[in-house]
Amino acid sequence: MTTGHTEQLVTFVLAILAGGVLWGLGAVVLRAGIALAGLALGALIGWLTWLETGGSFPLWIILLVFALAVGLVGLLIYRLLLAGLLSGILASVGLVTVWSMLTFVPSTDQSSVEDRTTPAPLIDVGLLLVGSSERSGAETTPNGEGEARDVLPAAAQRAEAVRRALVARISNLWGQWQLLAPRTQLAVVGSILGGILLGLVLATFARKTSAVIVTAVVGSVLIISSASRLLAMTGAPMHQIMEAWVLLPTVALAVLTIVGVLVQMTLLRRRVVNQEPAAS
């Protein structure tokens with residue numbers, strides 16, 4: 001196994017472990033998780049800054065300053081992050097659900113050229129979860145960028161791969177969006193706005209429930225996407241499976257998220273029950 005494969009293996013395993021913690025205990029550890037994520041992100045930013053400045057300052061000082069700064073900012077904007085994540089999740093659910101439902105409904109607009117086979121959002125969600133069948137950008141990077149790629153850690157390479165995948169899927173979704181009928185576009189926009197509003201309301205008046213939903217979704221995404229890529233590394237035909245049933249990644253994500261929500265709600269109830277006798 002090459003060094004690159006070893007780094008990918010370690011990255012995926014760590015992502016699955018992190019996803020499992022968020023999936024089952026996310027509401028309990030969310031605040032601490034945001035702080036740790038901020039520390040890690042700040043350290044990464046500090047390390048890249050140290051490389052760009054040519055090592056003009058001691059590395060440990062740069063890492064410490066950036067890690068503490070980003071970690072503290074994450075804690076300060078905890079509620080804002082929670083509201084933004086929940087609104088984004090519910091808006092995405094509304095977009096995928098309404099677009100997919102209206103795609104299968106016969107339209108009276110004969111000029112519409114909507115695809116009646118498979119809704120574009122379902123394909124894009126599946127490809128984001130399973131991973132693109134094309135070679136990653138790290139393997140196809142031009143020679144001029146090879147040195148920059150070599151100094152990036154495996155986590156940074158995966159982050160760049162995720163960014164490229166998101167850009168590709170959003171571009172495809174935008175192209176399909178322009179082919180939709182005006183009434184369908186209006187309904188999809190309404191579902192997105194409704195999801196954003198619902199997310200803001202829930203994050204304001206039901207913070208625990210919001211934390212449960214957000215962490216269950218994020219944990220499920222990490223588990224499914226990392227596990228599917230690990231299986232692909234072993235030679236499993238993940239894309240052939242998706243082509244056989246395009247709904248598989250979306251259904252798996254929905255089921256795993258619902259189970260995660262139920263598990264976390266059960267744990268939270270038990271904590272409340274255990275705390276009541278101690279308080280009395």
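**Core packing and aromatic contacts in the predicted model**

Leu86 touches Gly199, Leu202, Ala203, Ser210, Ile213 and Val214, residues up to four places away in sequence not being counted; contact here denotes heavy atoms within 4.5 Å. The model is a predicted one, in which local features need pLDDT of at least 70 and side-chain atom pairs count only at pLDDT 80 or more, whereas totals for chains, interfaces and linings use all residues. Residues are numbered from 1 along each chain as its sequence is written, and side-chain values use heavy atoms, with hydrogens and water left out.

Leu86 is also among the residues with the most contacts inside the largest nonpolar core, together with Ala27, Leu30, Tyr78, Leu82, Ala211 and Val214; this core has 15 residues. A nonpolar core is a set of buried Ala, Val, Leu, Ile, Met, Phe, Trp, Tyr and Cys residues joined through side-chain atoms within 4.5 Å, and buried means under 20% relative accessible area, exposed over 50% and partly exposed in between (1.4 Å probe, protein chains only). Two or more residues are given to this core by each of α1 (3-52), α3 and α8, and α3 provides the largest share, six residues. Helices are DSSP runs of H or I with at least four residues, numbered from the N terminus. A second, separate core of eight residues includes Val96, Leu122, Leu180 and Val188.

Tyr78 also takes part in a charge–ring arrangement: the charged end of Arg31 sits over its ring, 4.1 Å from the centre. The criterion is NZ of Lys or CZ of Arg within 6 Å of the ring centre and within 35 degrees of the ring normal.

Rings of Phe, Tyr and Trp (its six-membered ring) pair if their centres lie within 6.5 Å, with planes under 30 degrees apart counted as stacked, over 60 as edge-to-face and the rest as tilted. By this rule there is one aromatic pair. The ring centres of Trp99 and Trp177 are 6.0 Å apart and the planes stand at 65°, so the pair is edge-to-face. Because Trp99 belongs to helix α3 (residues 78-103) and Trp177 to helix α6 (residues 154-177), the pair ties together parts 78 residues apart in sequence. Trp99 is buried at 3% relative accessibility, as is Trp177 at 17%.

Ser226, in helix α8 (residues 207-233), is buried with a relative accessible area of 5%. Its contacts, not counting residues up to four places away in sequence, are Phe12, Ala15, Ile16 and Val221.

Helix α4 (residues 120-130) is mostly covered, eight of its 11 residues being buried, among them Leu122, Asp124 and Leu127. Gly131, which follows α4, has a positive phi near 105°.
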